[in-house]
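Hi,

Here is the structure I promised to pass on.

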Amino acid sequence: MEKRRLSFWQIWNMSFGFLGIQFGFALQGGFMSRIFQTLGAGHDDIPLLWIAAPLTGLLVQPIIGYLSDRTWHPKLGRRRPYFLIGAVLSSVALFFVPHSSALWMAAGFLWILDASINISMEPFRALVADKLPESQRSYGFVVQTLIIGIGTWVASNLPWMISELGVSDSAPQGVVPMSVKVAFAIGGFVFLVSVLYTIFTTSEYPPENMEEFEKEKQKKNQFIPDIVNNIGNMPTTMKKLGVIQFFSWFAFFTMWSLANPALTEHVFNAPAPIEENYNMEILQEKEAFDVANTSFQKASNLVGSAMGVYGLSSMAFALLLTFYTSKKNINRKYVHMGSLILGGFGFAGMYFIDAPENLKYCFMLVGIAWGSILSMPYAMLSSSVDPKKMGMFMGIFNMFIVIPQIIAALGGINYVSSLLGEEAINAMLVAGGSLIIAGLCNFLITNKSAISYQS
């Protein structure tokens, strides 16, 4: 089927739902560790508490990709039914997450939230490949990244903004502050509205041969054999991209799970107070705990705000690429390589900065890597796989995202960072090294169609 070229605003509309998806991911990535710490978790416990997120992605995304390839609804099309289901579930989960009263409850809500976000996310990736001719693929994924950058910056700053409006950062022992609860509620609302905007403003191409498509749907469900077969026969370029993805997502999982304890302690000198170190029956010690806890919560707001800078810089990077790719082709391989190496220097720099206000420069570099991670691998992949199996391969590709996160959560981060010492900030050095390795692995990519559009 000959696909027509779309305008900027048509691509913007079809990608706008990613604003809500990124609100969910940014609030989860920036503040779940803070919630875990508020509920009593030590920083060595945090990666394991995060394991729900990658495990959910490993299970959900291939299933959703497979099902959406075999779906056609006369009004909602192929991918949009999954946008809607995921948006409703995610919005509900975002509201309840900060109301958790125990660690097991917060970890359980994280599981539900991540599963719900994943139901919406991969169909959005597949939609770009479904709707755009190959000459616009880089452009389409870069516009998605632009919207993701906006969502990351705004959502990461929400608790700080709400605190500045007078909502309290203080809370009793073991209770998440109201500023975080309000931020998550706003995030749920934005998630639902932005996805609905895409659903109502975007149409989808029907299957090229509806009769053949219906016959395929009537066949006995071969989900497990099909998944296994496609994993075994994935294109060589996809495998090489998987190596790059492994080190990239190991680095970013390290940031999401450990940046808050690392930076509140190392940069702001305001670590989470450990309840066992205070006798709460003595008034002075209880007051000291409350002071330390409020300092930690305020420092966490500032860490979240600093992390928002990586959304802002990824947005600026994506905007630059949007203007460029609308007119010319790019070398995706070298753009991705340079971006990841810069991000690696950003992570490593967090160890060496001497003032909190310098954190923003580190996250600017991290944002360039993030902007590339959200666009270049998918542009390279979409030029290397069967379009009829785009949803399934996008789901399978997610394995290279979640497996490194599972390894990190099961002790990989703690083990590697412990080789450098006991300080939590060492995790950021590990993230930096991992991202630089990911950048150098781009030398593995040799497929000309993946590297740049071949007219």
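Below is what turned up, one place at a time.

Before you start: this is a predicted model, where local features need pLDDT of at least 70 and side-chain atom pairs count only at pLDDT 80 or more, while totals for chains, interfaces and linings use all residues. Residues are numbered from 1 along each chain as its sequence is written, and side-chain values use heavy atoms, with hydrogens and water left out.

Let's begin with helix α5, residues 80-96. (Helices are DSSP runs of H or I with at least four residues, numbered from the N terminus.) Its 17 residues should span 24 Å at 1.5 Å a residue, and the end C-alpha atoms are 25 Å apart, which agrees. The expected span here is 1.5 Å times one less than the number of residues. Buried residues in α5 include Tyr82, Phe83, Ala87 and Leu94; buried means under 20% relative accessible area, exposed over 50%, with a 1.4 Å probe and protein chains only. Among the elements covering them are α2 (17-38), α4 (52-69), α6 (103-131) and α8 (178-201).

Next, Gly242, which sits in helix α11. Gly242 counts as buried because its relative accessibility is 3%. Leaving aside neighbours within four places in sequence, Gly242 is in contact (heavy atoms within 4.5 Å) with Phe397 and Phe400. Ile401 is 159 residues from Gly242 in sequence, yet their C-alpha atoms are 8.0 Å apart.

Last, Asn269, in the loop between α11 (236-266) and α12 (283-325). Its phi is near 50°, a positive value in a residue other than glycine. Asn269 counts as exposed, at 65% relative accessibility.

Cheers

Conventions: Helix = DSSP H or I, 4+ residues; strand = E, 2+ residues; numbered from the N terminus.
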